[in-house]
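Please read them with the coordinates open.

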Amino acid sequence: MRTTFGFREECGIFGIHHHPEASNIVYLGLYGLQHRGQESAGIVSTDGRSMYSERRMGYVADGFDREKLNELAGSGAIGHVRYSTKGGSSMKNAQPVVISCWRGTLALSHNGTLVNAVDLRRDLERKGSIFQTTTDSEVIMHLIAKADDAQLVDALATALKQIKGAYSLLVLTNDLLIGVRDPHGFRPLVLGELDRSPVLASETCALDLIGAKFIREVNPGEMLVINREGQKSFYPVPSERKAFCIFELVYFARPDSIVFGQSVYAVRKEMGRQLAAEHPADVDMVVPVPDSGIGAALGFAEAGGIPFEMGLIRNHYIGRTFIEPRQSIRDFGVKIKLNPVRAILEGKRVVVVDDSIVRGTTSRKLVRMFRVAGAREVHVRISSPPTIGTCCYGIDTPNPEELIANRKNVEQIREFIEADSLGYLSVEGLLKSSGSNPSNYCTACFSMQYPIQVESTLDCQPSLFEK
Ligand code: AMP
């Protein structure tokens, strides 16, 4: 049996150094990153002598109260929100990971997925390392602990030279906060400033929330070391071709963030305009699937000169539902989240815009809901290309055989989702909308062009690594 790894690590990370209210600030920052992970939330702080840690399953709001935050003493802190995964979902995999070793106590928050974690872990285990979690993030900690270098910064550099894949990292010690972005730059990481204290966050929307100023992105390959005296940049690993995750712009990041130097909102709108040019629709209204389709739908409506209507309303208060009736209420899962507005849809020709189709079940349920609500024609437009590749770099995508576009062509998918027509944005159109050099993006989920080769994309799936 192969070793267990909770491999699908969609996450948000946040850290601050030298601030009197460090853990409070991190707590608020994590609120701004909640969309990046809802399974668990954690904060580790330091007062320069000791580290304090609190990790909880569930939302940020559910895991912490004033008392807990008071216990997270000190002027340095990092936090983490983790996305729900199928296999590796448990408390022990919640982050930040904290270890004590001969170097002292270290905490780590990781966003991304390492592609060589299985090999590294096997090697480390053979040499006697004992793992506490099933995350690839712990591999990094063992590599740091094992390195011969006298200084932590050099030990981290030694570890970085051995890992491959997607990683934006925050490392906290009793006197340092370090931010690292992998040389491909798969996942975002930005530097901000609050009351002269440096802040690191996955997205700028978290900086906005705490009133911090956005300074710059951490560069691909950069290791930014922050202490009381200031900041220093190192580039410990050779530079690589850039591979910014295009799916951050399509779906994952919040539209009010600047990601990879681009306004996510503006890019999504442009994707919608491009989609309208590639697949126009002769309809009465454009309706987004909220929230993921709103930006693209606005662009589609604008480009096509078609009225934009919120014909589908999202319930924002559902939290997590555990009860799903098997037979009694059809399409319960979608209905609890989204409900069509019959009054505006009745008798109308509608184009529904969403960001992606993965298994096809959401689109199919939505098309049916629109028809039940009286829509005369239901056309579907998707602001990204067909999803054909499993992500090996940190976005939760199912096995290749579960991706509908791997089994069916566009016409067959249209038939499956029961739409009157279906159009996807092309890879070229997507890259054109992205606002910067197209060769700087990873499009593996849409093109199967994997910037870092893995033996098999099946290796990206957690199920294979379950004990
Ligand atoms: P499906 O029903 O499997 O086709 O899922 C499509 C829906 O899932 C779309 O509305 C997307 O916005 C959303 N989606 C796409 N990728 C992800 C992801 N990695 N995590 C969560 N939701 C996603």
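1. Helix H15 spans residues 410–417, where helices (H or I, at least four residues) and strands (E, at least two) are DSSP runs, numbered from the N terminus. At its start, a side-chain oxygen of Asn409 comes to within 3.1 Å of the backbone nitrogen of Glu411. After H15 comes Glu418, with a positive phi near 65 degrees.

2. On provenance: this is a predicted model, in which local features need pLDDT of at least 70 and side-chain atom pairs count only at pLDDT 80 or more, while totals for chains, interfaces and linings use all residues. Residues are numbered from 1 along each chain as its sequence is written, and side-chain values use heavy atoms, with hydrogens and water left out.

3. Asp195 sits in the loop between strand E9 (190–194) and strand E10 (197–201), and Arg196 is placed in the loop between E9 and E10. Asp195 has 58% relative accessibility and counts as exposed; Arg196 is exposed at 77%. The classes are buried under 20% relative accessible area, exposed over 50%, and partly exposed in between (1.4 Å probe, protein chains only).

4. Cis peptide bonds deserve a check. The bond from Gln95 to Pro96 is cis, with omega near 0 degrees, and Pro96 belongs to the loop between E4 and strand E5 (97–101). The bond from Pro290 to Asp291 is also cis, with omega near -5 degrees; Asp291 lies in the loop between strand E17 (285–288) and H10.

5. His80 is buried, because its relative accessible area is 0%. Its side chain also makes a polar contact of 3.4 Å with that of Gln95. A polar contact is a pair of N or O atoms within 3.5 Å; within protein, one must be able to donate a hydrogen and the other to accept it, and residues adjacent in sequence count only if both atoms are side-chain atoms.

6. The largest nonpolar core has 43 residues, of which Leu249, Val286, Phe300 and Tyr393 touch the most other members. Such a core is a set of buried Ala, Val, Leu, Ile, Met, Phe, Trp, Tyr and Cys residues joined through side-chain atoms within 4.5 Å. Elements that each supply at least two residues of this core include helix H8 (246–252), helix H9 (264–278), helix H10 (294–304) and strand E20 (349–354). Beyond four places in sequence, Phe300 touches residues including Leu275, Ala276, Val286, Ile306, Val351 and Arg381. Another core, apart from this one, has 33 residues, among them Leu106, Ala117, Leu124 and Leu156.

7. In helix H6 (residues 152–162), the buried residues are Leu152, Val153, Ala155, Leu156, Ala157, Ala159 and Leu160. Their cover includes strand E6 (104–111), helix H5 (136–146), strand E7 (168–172) and strand E8 (177–181).

8. Lys146 is in helix H5 and counts as partly exposed, at 43% relative accessibility. Its side chain makes a polar contact of 3.2 Å with the side chain of Ser129. Val427, in helix H16, is partly exposed at 22% and touches Pro385 and Phe446, not counting residues up to four places away in sequence.

9. Sixteen residues are around the ligand, and Asp354, Asp355, Arg359, Gly360 and Thr362 come nearest; a residue is near if one of its heavy atoms lies within 4 Å. Ligand oxygen atoms lie 2.8 Å from a polar backbone atom of Val358 and 3.0 Å from a polar side-chain atom of Thr361. A ligand nitrogen is 3.4 Å from a side-chain N or O atom of Glu10. Taken alone the ligand exposes 500 Å², and the protein buries 85% of that, with areas from the Shrake-Rupley method (1.4 Å probe; for residues, only the protein chains shown count as cover). H8 and helix H13 (361–372) give two or more residues to the shell.

Definitions and conventions
Contact means heavy atoms within 4.5 Å.
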